[in-house]
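The sequence and structure come first.

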Amino acid sequence: MYLGIDCGTQGTKALVLDAGSGQVLGAGSASHTLQSGANGRREQQPQQWLEAFEQATRQALTAAGISGERILGIGVSGQQHGLVLLDEQGAVLRPAKLWCDTESTPENQRLLDHLGGEAGSLQRLGLAIAPGYTVSKLLWTREQHPDVFSRIAHILLPHDYLNHWLTGRACSEYGDASGSGYFNVRTRSWDRELLNFIDPSGRLCNALPELIEPDQPVGRIRPQIARQLGLNPNAVVSSGGGDNMMGAIGTGNIRPGAITMSLGTSGTLYAYSDQPMISPHAQVATFCSSSGGWLPLICTMNLTSATGLIQQLLELGIQAFGALVEQSPIGAEGLLLLPFFNGERVPALPRSRASLLGMDSDNLTRANLCRAVIEGTSFGLRYGLDLLRASGLQSQAIRLIGGAAKSPVWRQVIADIMGTPLVCPQHTEAAALGAAIQAAWCLSPGTPSQAQLAALCERCVQLDASTQTRPDPARTVQYEEVYQRYREQVSRLAESKPA
């Protein structure tokens, strides 16, 4: 029995996996709150993650009907790019700045300029650092909170922090480290020179966690934490990884050919590669995978975070929202919503804000507004899919995960806009499942191998045939016209960006 944990923006999810049968026996969850502020600040208190971890774990064990003593291993997935700073005693120094935090956009631009722009960053790191990556948060902390900066002893990503809490060991694996912005994805090593540019004293380099392979365990759970969680004191904690890397494992995306799309707070799209295929398009992040290869990826910052705002505005539940979407025709009778409520990464518009275009006295209806936001957010993913395909990645089908993947309306819209068939795994919370699978892989007999991981994925990742959705060619043609209008507006915004 293995425990998989996914610590995301909205909450923590836990599941219990029987790796022998491939069955998920039970699941649990607990919510987080987001602290928002001016200039794009998005932060969370790491203590909330610990409380949610315990609550979700106990729910999952109860639902599975098993004792925590039977858990052999624990795998942790975490939201990427977040910054958790600890002092020498292991205490958190300030709230964690998250992936969706754009307050350090000016600092990111200064670091990008130092690297020689996007081309220089691609050449040096294998990716172009973007607002939201961890590295600019460090420069922001030095300048805005020098007292905090002077006390830094450990720089951790969210999943690294949870592993540290579980085991007492500060380490990181290649996949999640890729999104820090101070990691070279070709050589799989920290870029210490970039950190010394931020602080020549060497403080940041001394605070880096140890890098380990994705099939290596971090260590055993600490006795007091095992007691607190009701778990086996001999349980081993795997390396874990970023939520996208764990989502890849949890959808069986560990070989070339598959594409995983996640419809969560943000939208992500990624595909496995056995080589570091560095894209000429700066918006494609060629991260390392947590299964031994690489994971070219695009991320849109506004997905269900944007549709949720419209739901709140119109006071709609999920079912009522979906019903209104179906009442509106493709193109929402000319209404086009650019859903960049907190800036955007793909397309690269970090300083943009949302806008509603094409309004007239007839088309400004609840149904059209719901249709426009679901189309606008989906077009961002299509924009990213175009970039991945232009980089040489091919896909015959999409594996769809995330909360919105449960909606038949969303699934059909995505299939039609992408012009690609899709299917959901039986367990759409793929990051938690991937974390549990990786924990089982880390504890495989002998030296863990790719064949062992493939066998685990084949046994534990099952597709839900009832969710298979094929694009309608006529609707795909209709969407293409609306999508091109979206691209025209994106081009205008890009041209109007301040220098």
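## The seven-stranded sheet

Seven strands make up an open sheet with mixed pairing, in the order β19-β20-β18-β17-β23-β24-β25. The edge strands, each pairing on one side only, are β19 (285-288) and β25 (463-469). From one strand to the next the twist averages 30 degrees. Strands, like helices, are DSSP runs numbered from the N terminus (E, at least two residues, for strands; H or I, at least four, for helices), and two strands pair if DSSP finds at least two bridges between them.

The model is predicted: local features need pLDDT of at least 70 and side-chain atom pairs count only at pLDDT 80 or more, while totals for chains, interfaces and linings use all residues. Residues are numbered from 1 along each chain as its sequence is written, and side-chain values use heavy atoms, with hydrogens and water left out.

## Pairing within the sheet

Strands of a sheet pair through backbone hydrogen bonds, either parallel or antiparallel. β19 and strand β20 (residues 294-300) are antiparallel, with four bridges, and A285 stands opposite L297 in β20. The two strands form a hairpin with five residues between them. In its turn, G292 has a positive phi of about 105 degrees.

From β19, A285 and F287 point one way and T286 and C288 the other, and all are buried (under 20% relative accessible area; exposed is over 50% and partly exposed in between, with a 1.4 Å probe and protein chains only). Strand β17 (residues 259-263) pairs with strand β18 (residues 267-271) in the antiparallel sense over five bridges. Here T260 stands opposite Y270 in β18.

The axes of helix α14 (residues 366-390) and helix α15 (residues 408-418) come within 10 Å and cross at roughly 45 degrees. Axes are lines fitted to C-alpha atoms, for helices over the stretch in contact, and angles run from 0 to 180 degrees between N-to-C directions. α14 and α15 are therefore oblique to each other; angles under 35 degrees count as roughly parallel, over 145 as roughly antiparallel, 65 to 115 as roughly perpendicular and the rest as oblique. The residues in contact (heavy atoms within 4.5 Å) include R371, I374 and F379 of α14 and W410, V413 and I414 of α15.

For helix α2 (residues 105-115) and helix α4 (residues 134-144), the axes come within 8 Å and cross at roughly 110 degrees. That makes α2 roughly perpendicular to α4. E107, N108, R110 and L111 of α2 make the contact with V135, S136, L139, W140 and E143 of α4.

## Nonpolar cores

The largest nonpolar core has 66 residues, of which I129, L138, I155, Y182 and I437 touch the most other members. Its largest share, 10 residues, comes from helix α16 (residues 430-442). A second, separate core of 54 residues includes L303, C370, I414 and Y486. Such a core is a set of buried Ala, Val, Leu, Ile, Met, Phe, Trp, Tyr and Cys residues joined through side-chain atoms within 4.5 Å.

Leaving aside its neighbours within four places in sequence, I129 is in contact with N108, L111, L112, L115, S121, V135 and G181.

## L50 in helix α1

L50 lies in helix α1 (residues 46-64) and is buried, with a relative accessible area of 9%. With neighbours within four places in sequence left aside, L50 is in contact with Y161, L162 and W165. The C-alpha atoms of L50 and I155 are separated by 18 Å, and the two residues are 105 residues apart along the chain.
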